[in-house]
Amino acid sequence: MEGTSSCSSTVAVLSGASFLQRTLERLSSTQSLNVNTEDEAAAPVAVIALQRYLSEQTDGQQQRDSYSYDVTVTDGVWRAKCFVHPSLNHLVHTNTLRTGAEIDITQCSFVYNERRLGHGYMCIEKLRCGAERSALLSRVKDDDSLPMLVKHGMERSVLLQSDVPLQVSRKHYLSLWNNEDPEGDIWTSGSPPSDTVLDVSTITLLCSLESCFRKTWKPLLVKILHKSRLRYYGKFGLKIDYPFHTYFEVADQSGTMSLVLWNELCPDFYQRLSVGTVLYIQNYVLKPSYSNRSHPQMDHYRMKMFCSVEIVLNPRNPTSVITVVSPKSVLPQWRLPDVSYQFTARSELENLSNNAACDVIGLVTFVGRVERVKSKGNTGPEKYWTYRWIHAVDGTSEHPFILEVFSSSQPEVFSRICPMTYLVCTQMRVCPVEGSLPYLTTSNESETFITGHHKGQPYVSDPRVKSFIQWTKTLKDNVVLQKTAVGGHYCYPRPPGTFTQSMADVSTQAPLVAAADLKKELETLQYREHKKVALQGQITAVRYMKNPKTTESRGTQEKEVRDVSADAHNHPSTAEQTLAASSTSASPENISARKRRIPTRKATQSSLKCVSTSAKRRHKDTEEEESDPGSEEAQDVECHQQLQNLNPDADVLSWESSSWPKQRQEVSEHLVRGGLYRDSVSRRFTFDEKNVLLRQSNLQPTRWTAEQNADVIAPVVCPGYYQVTILGMNKQIAVDAAYLPVVSSDEPRAVGLPQDPHGNTMLSCLSSGFLCPLGDADSNSESALPEPEEVLATAVELEDTHVVCVLDLCSLGGDEVEVLVDKVYRVTEVSLN
């Protein structure tokens with residue numbers, strides 16, 4: 001049992017130095033159950049866990065938030081599990097309140113549960129966020145060893161605080177960033193299968209279930225052929241403790257049928273049931289099949305599919321009995337079918353039709369950061385899907401598999417995907433792309449496996465898998481490593497050649513938003529949420545930002561960009577060589593020419609001013625800076641905050657339209673975004689930095705581990721980039737967006753990029769997404785790429801030109817909102833259906 005405030009004499013001696021202990025004592029002695037701690041000496045605490053669950057329904061009041069959060073903090077002596085007041089939920093949504101970070105609790109209260117004896121908890125009502133990495137945690141090896149702080153007389157509630165929400169009407173936690181991943185101790189895994197002798201003489205075959213209508217059924221003996229992801233269907237007012245369900249495709253010698261697992265049975269069995277598992281099932285129910293459920297494609301089995309009914313397993317009424325049969329107990333005479341796959345080589349992918357299913361195996365060469373997208377058409381509490389883009393090669397084509405991999409309720413696999421691992425993805429669906437390479441996306445029945453998780457999987461004996469393994473033995477790691485990448489902005493496919501606003505189907509392309517609505521889109525983005533929107537107007541200014549420095553995201557110390565020559569293996573890619581060359585002043589003539597193009601004094605002053613302003617903003621909670629948001633000085637400061645504190649000595653090349661100086665004074669709001677952040681740029685993978693690169697590209701974890709303090713965040717090669725100012729059609733609102741063109745075929749973003757030659761004008765670059773021609777490390781053709789000065793010299797064609805700009809928006813955490821130009825359409829490339 002965990003420690004309490006009265007069970008440890010050693011801790012009692014230290015309690016005088018404990019901020020949490022003093023705070024709880026003050027809450028116990030006050031009549032208002034509310035204290036303000038700002039008048040105390042600074043006593044920060046560290047966040048060691050942040051847990052989410054569906055909020056309790058408030059009778060007669062509008063529900064403020066769909067989800068509630070419990071936060072576990074420590075002052076180095078005690079740890080305390082506290083409720084996060086709903087007014088602070090936005091700090092979680094933006095990943096400002098995060099595990100491993102330091103916070104100052106400035107106001108808190110004690111909340112009693114009036115419906116339960118001996119249960120209450122501290123509620124944090126106001127706080128300030130401090131350092132991204134708390135110094136307190138450098139002395140903590142295992143946070144579970146710290147005693148749990150509990151109010152005197154409520155020691156028994158420690159049991160509730162272990163892995164159960166503080167609002168005890170909820171019985172379990174959800175994953176912090178999606179609703180599909182199992183989360184918490186309730187999810188049973190690793191239970192040994194049964195060696196019990198089964199009476200198979202009484203079983204019934206699946207083929208007989210469709211034709212019989214009885215309330216009691218003989219046992220079933222089936223093998224799992226496919227497994228779906230979990231579905232959480234919790235909503236307000238639903239009186240079900242564990243609202244989960246999942247489904248499987250099972251088979252016996254007579255055919256296949258769907259099997260659905262409900263509620264408490266999901267935590268008990270979901271992680272114990274795998275493809276290939278044999279089940280002995282009793283006390284099941286038959287129901288008509290759910291018409292809207294998706295199904296895996298199983299034509300290759302050539303078995304009868306029974307689709308009119310499905311097997312339903314419930315925790316009660318009746319209580320289903322599920323026996324997981326040990327593999328060594330499975331007998332040949334049961335004639336259960338073998339698990340079969342449809343592995344497709346990359347060279348065969350173009351021959352598959354739209355939405356065709358296939359299984360793939362490949363060597364991972366690129367892994368994008370994990371992002372989130374809001375589920376559409378959801379009538380209950382909002383839900384987010386988590387996904388990442390992956391490239392994998394199998395040696396049969398010069399092109400990789402382009403994979404859009406959504407979370408498949410396998411967080412231990414999804415979070416560990418990295419370059420140089422063998423990746424298997426099952427039941428992927430083909431998505432053709434007109435004029436470019438097809439990509440594969442996951443289905444509800446997809447599963448993913450990586451190195452370390454292949455053992456015992458049925459596919460290991462597949463001939464295609466064996467052939468792939470033989471090919472990988474011919475590779476040299478150091479050669480493959482030169483072509484790997486991790487993280488950064490990535491989105492596929494590119495927008496089509498013509499922008500079409502369809503009145504019938506608004507989901508076909510990026511929605512066209514008004515400039516006035518763009519601010520709301522930016523402000524409501526949650527952590528790592530990705531949106532694609534289109535904005536029409538004029539491009540009134542373009543700046544090329546050279547030699548930018550990036551800061552450690554949400555950190556307290558700034559880090560300079562590492563020189564590309566110091567990158568892994570000392571073999572910079574073509575992109576890095578090109579960007580390094582273009583970011584270096586080559587001659588006195590170039591320096592003077594650049595200085596003649598734009599005065600740098602104003603930019604320098606704003607940069608220096610930004611350093612102190614950013615420092616103040618990092619230690620504020622939800623308060624706004626007291627400056628005129630419409631003033632030119634405030635815009636400059638905010639601009640450079642978003643540009644991550646540019647080097648004050650950096651040269652800036654720019655073009656602006658002749659009308660922009662006057663228009664700038666008349667705009668009602670300038671949304672200054674579009675900086676290039678550390679997380680916006682991909683970097684090469686190295687085994688030495690594997691763990692820190694994984695953490696950097698994954699979502700913020702629910703629980704802090706000592707590993708998070710072990711390594712420094714990896715530096716990133718950050719090239720120069722263009723900042724584009726877009727003025728809305730009504731000339732009232734402007735927004736800055738970053739544009740980072742593809743400059744080498746070695747970049748992940750170059751894969752599948754239509755590379756029709758163009759003249760390297762500013763507009764053609766913005767339209768195509770790349771500088772022409774793209775070369776690779778072997779051809780040395782990067783020397784033909786134009787300098788930024790040459791590109792900007794052509795920007796005059798943007799003058800008074802009506803365009804539609806497709807923008808990628810993504811919240812990177814805190815106040816970092818990435819706004820990148822994906823494509824720019826001329827008005828002649830726009831149509832209305």
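Predicted model: local features only at pLDDT ≥ 70, side-chain atom pairs only at ≥ 80, totals over all residues.
Across the protein chain, pLDDT averages 83, and 80% of the residues score at least 70.

## The nonpolar cores

The largest nonpolar core is built from 92 residues, and Ile311 and Leu403 have the most contacts inside it. Leaving aside residues up to four places away in sequence, Ile311 touches a list of partners including Leu206, Leu209, Leu220, Val250, Met257 and Tyr284. Ser258 is also one of the residues that Ile311 touches.

Apart from that core lies another, with 39 residues, and Tyr544, Leu771, Val791 and Val803 are among them.

## Helix α2

Helix α2 covers residues 19–29, and its buried residues are Phe19, Leu20, Gln21, Thr23, Leu24 and Leu27. What do they pack against? The buried residues of α2 pack against strands β1 (34–36), β2 (45–54), β3 (67–74), β4 (79–84), β5 (102–112) and β6 (120–129).

## A look at Ser811

Ser811 sits in strand β31, which spans residues 803–813. Is Ser811 buried or exposed? Ser811 counts as buried because its relative accessibility is 2%, and the cut-off for buried is under 20%.

Not counting residues up to four places away in sequence, Ser811 touches Leu525, Gln526, Tyr527, Arg528 and Glu529, along with Glu816 and Val817.

Note on methods. Residues numbered from 1 in each chain as written. Heavy atoms only, no water. Helix = DSSP H or I, 4+ residues; strand = E, 2+ residues; numbered from the N terminus. Buried < 20%, exposed > 50% of the residue type's maximum accessible area, 1.4 Å probe, protein only. Contact = heavy atoms within 4.5 Å. Core = buried A, V, L, I, M, F, W, Y, C linked by side-chain atoms within 4.5 Å. pLDDT = per-residue confidence, 0-100.
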